[in-house]
Amino acid sequence: MESVNGAHRADVANAGHKDGKAVDKHTNGDQPDRRSPQQIERDIEAARANLAVTLDEIVDRVKPANVAARAMDKVRAQFIDSDTGAPRKERILPLAGGVAGLILLVVVVKTKGNGDKKVKARKSGKKR
């Protein structure tokens with residue numbers, strides 16, 4: 001059984017033939033299959049087992065909790081050194097500065113917007 005990116009693949013040779021007929025790895029083109037019924041049954045069981053493993057791995061891979069855990073691991077790897085467990089300051093400080101700048105921008109915009117409303121309210125009150 002061969003593993004590619006964690007997914008097992010059944011050992012299938014020659015998935016198709018130029019005339020559209022499936023070609024089995026145990027046949028030689030136009031030659032008849034010379035396997036015994038017991039061997040065919042064993043091959044079918046092996047293929048079923050491979051398919052079951054593949055399906056279990058697919059289900060495990062797309063499970064929402066596992067997807068979230070992998071995403072958290074990727075984020076954590078960006079900000080924590082996997083060898084030492086120490087925070088990566090060269091990544092954290094620019095992010096913290098960006099967040100602080102964004103918060104400051106929001107506060108300034110909100111304050112300025114509220115100030116304009118107060119000025120307009122004072123002006124309209126003086127005219128009355």
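**Labels and cut-offs**

Q: Why is Arg35 called buried?
A: Arg35 has 19% relative accessibility, and buried means under 20% relative accessible area, with exposed over 50% and partly exposed in between (1.4 Å probe, protein chains only), so Arg35 counts as buried. A quick note on the source: this is a predicted model, where local features need pLDDT of at least 70 and side-chain atom pairs count only at pLDDT 80 or more, while totals for chains, interfaces and linings use all residues. Residues are numbered from 1 along each chain as its sequence is written, and side-chain values use heavy atoms, leaving out hydrogens and water.

Q: What makes Asp43 and Arg35 a salt bridge?
A: Their side chains come to 2.5 Å, N to O; the rule asks for a side-chain nitrogen of Lys or Arg within 4 Å of a carboxyl oxygen of Asp or Glu, so the pair is a salt bridge. Asp33 joins Arg35 and Asp43 in a network of salt bridges.

Q: Why is Asp43 called partly exposed?
A: Asp43 sits at 22% relative accessibility, which falls between the buried and exposed cut-offs, so Asp43 counts as partly exposed.

Q: How do you know that Glu45 and Arg48 form a salt bridge?
A: Their closest N and O atoms are 2.8 Å apart, so they meet the salt-bridge rule.
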